[in-house]
Amino acid sequence: MTEVNNCLLPDEFQYHIEFNVWIRNNGDGTMNMGMTDIAQTMAGSVIHCRPKSVGKKVKKGKSVATVESGKWVGPVKTPLTGEIIASNAEVESDATILNKSPYKQGWIVKIKPSDLEAEKGDLVSGAVAIEGFKSYMTEKELGECIHCEGFDG
C-alpha cells in the first residue's frame, strides 16, 4: 500500500488519474471499479451512490454511477468500454461505504471490458500512479486525505 499525502493507493490496483478511479483485475476477464481514496476525500461525506444497471453497455469516459455528497454531485467515469455485469448493492443502500472502505467494500461496478488491450494504456500503477496523483492533488489544491472513523482502505 502506497501513501500520497495521507491518501492510500493499493499497489495491486491500476488507476485512471483524470477520472480518479481504481481498477482491479479479477483474473476472469472482469474488472472491479471504484473511487480512489483521493476522490472520496474530495467528495466529502458521500450520501448517495447510484450505479448503472447490470447489462448496461458503457463507453470509455462515460458514467458507470452517479455519486452525491454534501458538496458534490457527479459521475464516476469508466476508463474502459464494456458491459456492467454487476453493481454493488451495498454502496447503493449505504453510500458511506465509499468513504469508509473505498478499496474493499466500496467497489461500485464490475465491468467486462470489450477491448482491454486497446484501452489499458490509460491505466497506471506504481511510480507512475504516485507521481500522477501527486501532480493531480497539487493542481486541485488538495492537501491530505481525511479518513473517517472505520476507514479500512
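The model is predicted, so local features need pLDDT of at least 70 and side-chain atom pairs count only at pLDDT 80 or more, while totals for chains, interfaces and linings use all residues. Residues are numbered from 1 along each chain as its sequence is written, and side-chain values use heavy atoms, with hydrogens and water left out.

Let's start with the sheet. Helices and strands here are DSSP runs numbered from the N terminus, with at least four residues (H or I) for a helix and at least two (E) for a strand. Two strands count as paired if DSSP finds at least two bridges between them. With that in hand, you can pick out an open sheet of six strands, in the order S3-S4-S5-S11-S10-S7, with antiparallel pairing. At its edges sit strand S3 (14-16) and strand S7 (57-58), each of which pairs on one side only.

Now zoom in on S4 and S5. They pair in the antiparallel sense over five bridges. Valine 21 has methionine 35 in S5 as its bridge partner, and isoleucine 23 has methionine 33 in S5. The two strands make a hairpin with five residues between them, and glycine 27 in that turn has a positive phi of about 80°. S5 also has three bridges to S11, again antiparallel, and there methionine 31 stands opposite isoleucine 111. Is S5 mostly covered or uncovered? Mostly covered: five of its five residues are buried, where buried means under 20% relative accessible area (exposed is over 50%, partly exposed is in between, with a 1.4 Å probe and protein chains only).

There's another hairpin to find. S8 and strand S9 (residues 73-77) pair in the antiparallel sense over five bridges, and three residues join them. Across this pairing, threonine 66 stands opposite proline 75 in S9.

What about the inside? In soluble globular proteins, nonpolar side chains tend to be buried together. A nonpolar core, as used here, is a set of buried Ala, Val, Leu, Ile, Met, Phe, Trp, Tyr and Cys residues joined through side-chain atoms within 4.5 Å. The largest one has 25 residues, and Met35, Cys49, Val76, Leu98 and Ile108 have the most contacts inside it. S4, strand S5 (31-35), helix H1 (37-43), strand S6 (46-51), strand S8 (63-69), H3 and S11 each supply at least two residues of this core. Apart from it lies another core, of 20 residues, among them Ile17, Trp107, Ile130 and Leu142.

Cysteine 49 counts as buried because its relative accessibility is 0%. Leucine 98, leaving aside neighbours within four places in sequence, is in contact (heavy atoms within 4.5 Å) with Met35, Gln40, Val46, Cys49, Val67, Val91, Gly106 and Ile108.

Next come the aromatic rings. Rings of Phe, Tyr and Trp (its six-membered ring) pair if their centres lie within 6.5 Å; planes under 30 degrees apart count as stacked, over 60 as edge-to-face and the rest as tilted. The whole structure holds five such pairs. In one of them, phenylalanine 13 and tryptophan 22 are stacked, at 4.7 Å centre to centre and 15° between the planes. Phenylalanine 13 is buried, with a relative accessible area of 5%, and tryptophan 22 is buried too, at 0%. Tryptophan 22 also pairs with tyrosine 103: their ring centres are 6.1 Å apart and their planes lie at 55°, so this pair is tilted. Tryptophan 22 lies in strand S4 (residues 21-25) and tyrosine 103 in the loop between helix H3 (97-100) and strand S11 (109-113), so the pair ties together parts that are 81 residues apart in sequence. Phe13, Trp22 and Tyr103 form one aromatic cluster.

Finally, look toward the end of the chain. The buried residues of H5 are Ala129, Ile130, Gly132, Phe133, Tyr136 and Met137; what covers them includes strand S1 (2-4), S2, S3 and H1. There is one disulfide in the whole structure, a disulfide being a pair of cysteine sulfur atoms within 2.5 Å. Cysteine 7 and cysteine 145 form it, with their sulfur atoms 1.6 Å apart. The pair links distant parts of the chain: cysteine 7 in strand S2 (residues 7-9) and cysteine 145 in the segment after helix H5 (126-139), 138 residues apart.
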